[in-house]
Amino acid sequence: MATKMNFNSTVSIKELRKVIPLIGSELTPIIQSEPGCGKTTLLTMIREDLGDGYDYIYVDCPVKDMSDIGMTIPNHQTQSLEYYVSSLFMLDSPKPKVILLDEFMKSPKLLQVIFTRLMLERMVGDRPLPSGSIVFGTSNNASDGVGDTMLAHAGNRVCIMEMAKPSVNEWLEWSSANGISRVVRAFVAMFPRVLASYRNGDQDDNPYIFNPKKTQLSFCSPRSLAKCDVIVKNRDILGDNATMVALAGTIGASGAGDMSAFLSLERTLIDVKDIIKAPELVKVPDEISAQLMIMFQAVDVLETQDELTKFMSFVNKIPSSEVQAVFFTMMMRNTKSIKLARNNLQIAEWAKNNHELF
């Protein structure tokens, strides 16, 4: 008897980065997730992977109408009608296309019919896409209650997959590579519930996240946590009141209230550059949030083996090996710091002594 294969009901954004280019020229993936999980960034990721051999096209489906896709124009010489395709699809270029139909299930029903031919036959109206073109779409989960529907016959022609929310480590890895401040990263590390999903079934009391049972416009999501960083970085100019109001309007009142403690704490912290001047003399702060902020800054600013070795003297004084592991994980996952970490004897010694954490 064949063994039944076990699998998750969701797929990660890293997996989708591989799946879409592999199947997207023949079968159209429709990626669903709750709001703010990073579906739209898949187009940017695929562009980074595939390079200049393709034209990359973003279609904001809910705001399009028929004339944005193409129009039927009279040809007086032949006394017939010809279909003219919008320049949006760049059909004057011979390159194959990578087309993202963003928020496809919020499209007007008539446009869903037009897009169905694009997804099934790789045709825009009567014009074929260049060979090898990739088409994929995104949408929210039906249970999110934000107006996503799809015609049944169209759903049977595509591959509908639910994308998992990023884990805390996945989001921290992305945020480190994209310049998100240490305050926001430490906040997420200390409050992992800000990345939980209402679909987990045990989050009714979670005050931070999107929940369709509640009326809320501002909440913590991977997207809004990244967006609030511009507020955090400009808080000294904005002032305390405007900063808190802006944060509440971006990540919700609960998130903003807890973030305020991190903003106050950061002002008291010693800079990493000062730590590596005399790591044996610097006292480790008692608050775990402070320890995390220092380590996140270190991932950003350490540049040489000597600096990393000196900073590891400070890390080794932190009483919790689990907190130390955050620094190790971020160093090994950050594309800028991984080469530095791999060749450092102190990092290697720490990994050998704490292998049970991984």
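**Pocket and salt bridges**

Trainee: Which helix gives the largest share of the lining of the largest pocket?
Mentor: That is H6, which supplies 5 residues of the lining; helices here are DSSP runs (H or I, at least four residues), strands likewise (E, at least two), numbered from the N terminus. The model is predicted, so local features need pLDDT of at least 70 and side-chain atom pairs 80 or more, while totals for chains, interfaces and linings use all residues. Residues are numbered from 1 along each chain, and side-chain values use heavy atoms, without hydrogens or water.

Trainee: How much space lies in that pocket?
Mentor: About 920 Å³, the space filled by probe spheres set on grid points joined across faces, edges and corners. A pocket is an open set of points on a 1 Å grid over the protein atoms alone where a 1.4 Å probe fits, with protein on both sides within 12 Å along at least five of seven lines, and lining residues have an atom within 4 Å of a point.

Trainee: And which residues are closest to its centre?
Mentor: Of the 30 lining residues, they are Ile13, Thr41, Met45, Trp174 and Asn178.

Trainee: New topic: how many salt bridges are there?
Mentor: The whole structure has 21, each a side-chain nitrogen of Lys or Arg within 4 Å of a carboxyl oxygen of Asp or Glu. Asp55 and Lys97 form one, at 2.7 Å from N to O; Asp55 is in strand S2 and Lys97 in strand S5, so the pair ties together parts 42 residues apart in sequence.

Trainee: Are those two buried or exposed?
Mentor: Both Asp55 and Lys97 are buried (under 20% relative accessible area; exposed is over 50%, partly exposed in between; 1.4 Å probe, protein chains only).
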